[in-house]
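Take a look at the chain below. We will go from its domains to its helix pairs, then to its ligand.

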Amino acid sequence: MKDLSIRTSEFTDSVIRRMTRVSNQYGAVNLSQGFPDFDPPKEITDRLAEVAGQGPHQYALTWGAQNFRESLAKKQEHFSGQKTDPNTEIVVTCGGTEAMMAAMMSVCNPGDQVVIFSPFYENYGADAILSGAEPIYVPLNPPAFTFDADVLENALKQPKVKALILCNPSNPCGKVFTYDELKVIADLAIKYDIFVITDEVYEHIIYEPYKHVYMSTLPGMRERTIICSSLSKTYSITGWRLGYVIANPEVIDRVKKVHDFLTVGAAAPLMEAANTGLQFGDAYYKELQNHYTHMKNLFVNGLKNIGLTFTEPQGAYYVMVDISEYGYASDEQFCIDLASKVGVGAVPGSSFFKEPIHDYIRFHFAKKDETLNAALERLADIKKLKR
Ligand SMILES: Cc1ncc(COP(=O)(O)O)c(C=O)c1O
């Protein structure tokens, strides 16, 4: 057999999804891969049942059903205050995952560089390799996950840098970038003429007093921001694979082409059903925030009572726990032992860091109270892993 492609040899399978398999193997409460174990809003699933009978069941327009893009444009304008043209500025993709890949493919040539904050959502490393770009990492320093503006500038001023990827709110560290931090990034993006590709899939999962600021709304950033977002988290429909890219028409023309040949389009019946969610008023988003605040408080208060050290998340639904006192050289081994001996699934933090940091594991808490309570009950035994 001839050699397989070099590009697919350069990254491993997803550690996050691997840890789900480890959890399943040991019957652990799975707090590794981030997906809710509660139902999506009933209005959306009721509409899905209707759509099953009525259709559409055939291909939608490649870049997304007209009514769905119009609803997305309205929602984006409502929350960001920026008018968005549903015909020239939006492409609907198969999840935020495809949105990011299509954005990177549209922007990068082989040999270009992209700047990524570390810790980072693991897909970005693979996205960079598959789009031919070389990642440069800028640390978000734990435990507060702040960055050094000089280090960022040194990275951005490299001549081959095309884009910076900004995950806000951040998976895995739960950071919500402040306006001032975004302004530092924006000013540098303008100074060095680079794109900012945002991953805003957690834009509606924010804990008081933090606020989500859209990078595209900062002065001079509308034209150079490529927004990737998704319905997965906002409407608890991670399996529906609905995401989108919003950018200026020139970028979107390219994204449309990449998307057309990657996937042809998102699922027509699911767009039609999810369109119901896009019509929800402010009360829905407030309730979502309240629900997540409840889950966050339940889980982090439990961790506190057990005596674990962690950084309180400002947004998204993950918490990074410091395991340095447990005496493990390998956080992956710690997670395997945690699943097999304590009965809770987590993700080794090293899969998110470029730096050799092995002191963190990541839990997610988008779960029913009973699931979180069961996990906390088991975690009460975590000290037995101490070496
Ligand atoms: C930061 C981030 N971006 C993108 C995704 C994937 O989103 P989607 O389900 O829309 O592909 C996830 C899923 O966990 C995520 O955490």
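How many residues of domain 1 are in contact with domain 2, and how many of domain 2 with domain 1? First, the ground rules. This is a predicted model, in which local features need pLDDT of at least 70, side-chain atom pairs count only at pLDDT 80 or more, and totals for chains, interfaces and linings use all residues. Residues are numbered from 1 along each chain as its sequence is written.

The chain is assigned domain 1 (7-40 + 283-382) and domain 2 (55-279). These bounds come from an automatic or database domain assignment. The C-alpha centres of the two domains lie 24 Å apart. To answer the question: 33 residues of domain 1 are in contact with 31 residues of domain 2. Contact here requires C-beta atoms, placed from the backbone, within 7 Å. On the domain 1 side, α1 (15-26), α10 (282-306) and β10 (318-322) each give two or more residues. The most come from α10, with 6 residues. Helices (H or I, at least four residues) and strands (E, at least two) are DSSP runs, numbered from the N terminus. By class, this side of domain 1 has 18 nonpolar, 9 polar and 6 charged residues. Ala, Val, Leu, Ile, Met, Phe, Trp, Tyr, Cys and Pro count as nonpolar; Asp, Glu, Lys and Arg are charged; the others, Gly among them, are polar.

Now the helix pairs. The axes of α3 (residues 66-80) and α9 (residues 268-278) come within 9 Å and cross at roughly 20°. Axes are lines fitted to C-alpha atoms, for helices over the stretch in contact, and angles run from 0 to 180 degrees between N-to-C directions. The two helices are therefore roughly parallel to each other. From α3, Asn67, Phe68, Ser71, Leu72 and Lys75 make the contact, with Met271, Asn275 and Leu278 from α9.

The axes of α4 (residues 95-107) and α8 (residues 249-263) also come within 9 Å, but cross at roughly 120°. That makes α4 oblique to α8. The contact has 7 nonpolar, 3 polar and 2 charged residues.

In total, 13 residues surround the ligand, the closest being Gly95, Gly96, Thr97, Ser230 and Ser232. The cut-off is a C-beta atom, placed from the backbone, within 6 Å. This shell has 3 nonpolar, 9 polar and 1 charged residues.

Conventions
Contact = placed C-beta atoms within 7 Å. Parallel < 35°, antiparallel > 145°, perpendicular 65-115°, else oblique.
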